[in-house]
There are 2 protein chains.
Amino acid sequence: MPMNRRRFLAAGMGVGLLTHREHHVNADENVDRIDPTKLTKSNVPTPALLLDLDLFEANVKTMAEHCQRAGRGFRPHAKTHKCPEIAKQQMKAGALGISVATVPEAEAMVAAGITGVLLTSPIVEPAKIARMVALIQHGGQVMLSVGHPRQIELLAEAAGAAEVNVDVLVDVDIGDRRTGILPGQPAVELAQLIAKQKRLRIRGVQSYAGLASHVVGFEARDKVSREVMAKSVETRELLSKAGFDASILSGGSTGTYNIDSKIRGVTELQVGSYVFMDLDYRRNGGKTSGENYSDFHHSLTVLATVVNATHADRVSVDAGTKALDTTTTYKPEAKSWPGLTYNRGGDEFGILTVEPGEKLPRIGDRLEFIVPHCDPTTNLYDRIYATRGEKVEAVWPIAARRERVAGL
Amino acid sequence: MPMNRRRFLAAGMGVGLLTHREHHVNADENVDRIDPTKLTKSNVPTPALLLDLDLFEANVKTMAEHCQRAGRGFRPHAKTHKCPEIAKQQMKAGALGISVATVPEAEAMVAAGITGVLLTSPIVEPAKIARMVALIQHGGQVMLSVGHPRQIELLAEAAGAAEVNVDVLVDVDIGDRRTGILPGQPAVELAQLIAKQKRLRIRGVQSYAGLASHVVGFEARDKVSREVMAKSVETRELLSKAGFDASILSGGSTGTYNIDSKIRGVTELQVGSYVFMDLDYRRNGGKTSGENYSDFHHSLTVLATVVNATHADRVSVDAGTKALDTTTTYKPEAKSWPGLTYNRGGDEFGILTVEPGEKLPRIGDRLEFIVPHCDPTTNLYDRIYATRGEKVEAVWPIAARRERVAGL
């Protein structure tokens, strides 16, 4: 009975166990302690999230240059990467700030020294609003988006209590029917409510149109985005005419970056996925690149190991639902192994198959997969291995994945 | 220009920012610092993972009593919860040990003092095998499952280098075609390979049959599970006849716990989901409870807040793909709000609708959702709020969600 507790303790193993536990508690949370000089693509523990630095840096540069040429600002969205190190590189490339979707994201970005943080999602929990106000109190530069009178009430109360001024954008719902106030008169009325609160300062408008970002085919996408963004531009003009500061119109996405940046009145882009790209965006079709949208490179992959090879027609890898978001209809695509199909194999595994006669990977082989959808895949990991060729050059914490509140 | 860096620094805000950053680094990683006495269902930050302790404790007790009556052991699967605190309660209820799907899970369980840890998934990375062997070296009680000659080679090498003995189960593939060796003669041959390695000790057989666990209708499920488990029982007998120690046959699941525990030769159950339950298991149908499998309670929910209410026909909650696994066909189900439908609203949001004329939740309302699939949903969170009525009684780290390796 090797599992017997008495034998275990009698052998004095309890002490060893405690030492071991301590070792783990120390080693646990500090991703910075990982020595990247020892890491390569052949020994990082799988499943692992990899970033190809050459491709990533090219993506950062392409977008920055595009915006510069177009004369627009950009405030890249951190909901894609949740990673302060990536945000810093986007800032270095000229970003006005960083957009975030959650309070933990805002906190992580401010803690990393990022300025111009825009929370694009609505929040109505008093404790979360207090956390955003606390960021401002401590010198952080953040803006919030509001789309409902209740948000204004709560925000005004918290700002008043903390005696700080809070910049807000009016979130305008231009068709997603998910967040924001309706464009036109309803938005103006919301702005009037904001203006009654002495601690709140209107800075402009934001709009996200998921219904435009993922339209397949450049011309069709161009048409949809121009149509819906017109509502946002018009609302911004109405706010200006009504005497409000409407210097900002933040909108756009990776799918519409070269469309929205040509719409008069759009001042900045909230582009997110361009740093990583994914299969969902690739099928979008590009302006000049035909069916496959290839303006940006696939810099993000999930590395997996073949852990079973019992059958002649398939092998299993150690990356399933818990390691690769598969909520889109696209299947993860093996890099450098054409003809391979990734099939869902439950929470822990993926099943790889090939056409009859084609070569399957062998046990122990490590494969990289381009991800179907980058944002929810990144959300599954705590760190990203930044690689240059086969070498791991840095290990970056996905710091904003975690809810960091230590109390209420 | 409130985002201007010069103004920001001129105002002396940089100092505040640094102080703030330090505050966050300290507050960040220590979930234990959250004071649960201040938390209730009305103020935990959403989206949040909640565990109803009354229902959870009833589930733990029901399974333990069932196994006791059936005269079988149980080694509950931590891939469902990844939470040492939950594992401890399962051990207290009489579990033989805890099954795990990953090396970080094994490490977290051993660090928490759990004995009888069984790694049910195959591993072939040398560094991961070394980590499992290190657990044994430090007094941890773990077993590994092997289903391929390559695993035996690597494990024997690591065990030899560390001078420790390693217990292994032969993982038998009884139909999932995902992990394990084929039953019968191939399994016996694999056992012979194991037996040649002086540091490896065969302890028996394990089989998981996902193809049985989720068969809808008790009688149909009973038939499938008996059919496939027979292969595993037969393999165990072959191993015994060949002179190997085959004291363990670990199998079963929440779907088949009351089927497999009646199969002669099955010594223990690897039940996982029963502690939480989910919609995927509910539709299974129970032995006595008809269409809805209700042997165990839905103890796990995701708490979300209504953050937008612009439209008359819908509201948005702050729980999307990043907060609720939606890879199954079942939609999250609102507890205590009949007639409400949760629709996917992207990575950050869910969209709630009702039949025309029915009442919708209002902005700021907090709703609990029963999850479609518990394992990958738990995997999205770092902590679980254990509740009793409206009160949060404890905050438990989902410690094994994270890859903890500090170097290689």
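Modeller: B:S145 has B:L169 as its bridge partner in β6(B). This is a predicted model. The strands β5(B) and β6(B) pair in the parallel sense, over four bridges. Both belong to an open sheet of eight strands in chain B, ordered β2-β9-β8-β7-β6-β5-β4-β3, with parallel pairing. At its edges stand β2 (73-74) and β3 (98-100), each with a single partner strand, so one side of each has no neighbour in the sheet.

Helix α8 (residues 185-195) of chain B has four buried residues: B:A187, B:L190, B:A191 and B:I194. They lie on the same side of α8(B), because they cover an arc of only 105° around the axis. An α-helix has 3.6 residues a turn, so residues three or four places apart point the same way. The buried residues of α8(B) pack against the strands β5 (142-146), β6 (166-171) and β7 (200-206), and also against the helices α7 (149-162) and α10 (218-241), of chain B.

The loop between α7 and β6 of chain B holds B:E163, which has a positive phi of about 55° although it is not a glycine. B:E163 counts as exposed, with 9 C-beta neighbours inside 10 Å. B:K82, in the loop between β2 and α4 (84-92) of chain B, also is not a glycine and has a positive phi, of about 50°. B:K82, however, is buried, with 28 other C-beta atoms within 10 Å. Most residues other than glycine have a negative phi.

Definitions and conventions. Residues are numbered from 1 along each chain as its sequence is written. Chains are lettered from A and ligands numbered from 1 in the order in which they are written. This is a predicted model: local features need pLDDT of at least 70, side-chain atom pairs count only at pLDDT 80 or more; totals for chains, interfaces and linings use all residues. A residue is buried if 20 or more other C-beta atoms lie within 10 Å of its own, exposed if 12 or fewer, and partly exposed in between; C-beta atoms are placed from the backbone. Helices (H or I, at least four residues) and strands (E, at least two) are DSSP runs, numbered from the N terminus. The arc is that of the directions from the helix axis to the C-beta atoms. Two residues are in contact if their C-beta atoms, placed from the backbone, lie within 7 Å. Two strands pair if DSSP finds at least two bridges between them.
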